[in-house]
Amino acid sequence: MALLPILTAPDPRLKKKSRPVETVDADVRQLMDDMLETMYAAPGIGLAAPQVGVLKRVIVLDIDREEVKTGPLFMANPEIIEASDEDVSYEEGCLSVPEHYSDVVRPAKVKVRYLDRDGARQEMECEGLLATCVQHEIDHLDGILFVDKLSALKRTLIRKKIKRRAAAATKT
Ligand code: K1U
Ligand code: ZN
């Protein structure tokens, strides 16, 4: 397994749409394993392939909170096939937008269809933090960051901070 570098905004690869995986073969399984190790090391509770510069529709998650412990989840070509009318607001973070946290409103429950690490078709009902996290990761596959879902004012403030930090990093 290998630790992969995590891209941070404003890297243009984070804004691209990822391609579906044709089959879950040994290369895809290796990518999933490397992403899981990278996510644990970060540390984080989810990671999408574009965050490590790979434009494939692959995500990994592992939620370990008092109320829910999922263990490692590997999903290729995840798609939301049902979403609740009820919404919830959750304070989200993102490994590609470090040190910024903001409340994002999303459907409270979703049903996700995906291929697992063995290439078998699965469906999973998600709620709570798992529902929030799986939607956040699927957004990454469509080039959407959580900051894109905030009010224009909040988004502008965060983008200014990101640009200032990127400019400072090039001077050092
Ligand atoms: O996609 C990502 O960048 C990962 C992100 C997932 C996420 C977190 C919260 C709400 C929605 C999506 C993270 O994992 S940020 C780090 C984080 O939440 C965390 C880190 C250590 C322990 C517990 C949580
Ligand atoms: Zn993220």
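# A first look at the model

Asn 77 lies in strand β3, which covers residues 73–83. Helices (H or I, at least four residues) and strands (E, at least two) are DSSP runs, numbered from the N terminus. The phi of Asn 77 is near 50°, a positive value in a residue other than glycine. Glu 99, in the loop between β4 and β5, also has a positive phi, near 70°. Most residues other than glycine have a negative phi, and most peptide bonds are trans.

Before going on, please note that this is a predicted model, in which local features need pLDDT of at least 70 and side-chain atom pairs count only at pLDDT 80 or more, while totals for chains, interfaces and linings use all residues. Residues are numbered from 1 along each chain as its sequence is written, chains are lettered from A and ligands numbered from 1 in the order in which they are written, and side-chain values use heavy atoms, leaving out hydrogens and water.

Two peptide bonds are cis. One joins Ala 9 and Pro 10, with omega about 10°, and Pro 10 belongs to the segment before α1 (26–41). The other runs from Ala 42 to Pro 43, with omega near -5°; Pro 43 is in the loop between α1 and β1 (46–48).

Now to the ligands. Ligand 1 is surrounded by 15 residues, each with a heavy atom within 4 Å of it. Helix α2 (residues 128–141) gives the most to this shell, with five residues.

| Residue | Protein atom | Distance to an oxygen atom of ligand 1 |
|---|---|---|
| Ile 45 | backbone N or O | 2.8 Å |
| Gln 51 | side-chain N or O | 2.9 Å |
| Leu 95 | backbone N or O | 2.7 Å |

The protein covers 81% of the 540 Å² of accessible area that ligand 1 has on its own, by the Shrake-Rupley method with a 1.4 Å probe.

Which residues hold the zinc ion (ligand 2) as protein donors? They are Cys 94 (SG), His 136 (NE2) and His 140 (NE2), at 2.1 to 2.3 Å from the ion. Donors are N, O and S atoms within 2.8 Å of the metal (3.2 Å for Na, K and Ca); water is not among the atoms, so sites may look incomplete. The spacing of the donor residues in sequence is C-x41-H-x3-H. Distant parts of the chain are linked in this way: Cys 94 is in the loop between β4 (87–92) and β5 (102–107), and His 136 is in helix α2, 42 residues apart.

Notes
A polar contact is a pair of N or O atoms within 3.5 Å; within protein, one must be able to donate a hydrogen and the other to accept it, and residues adjacent in sequence count only if both atoms are side-chain atoms.
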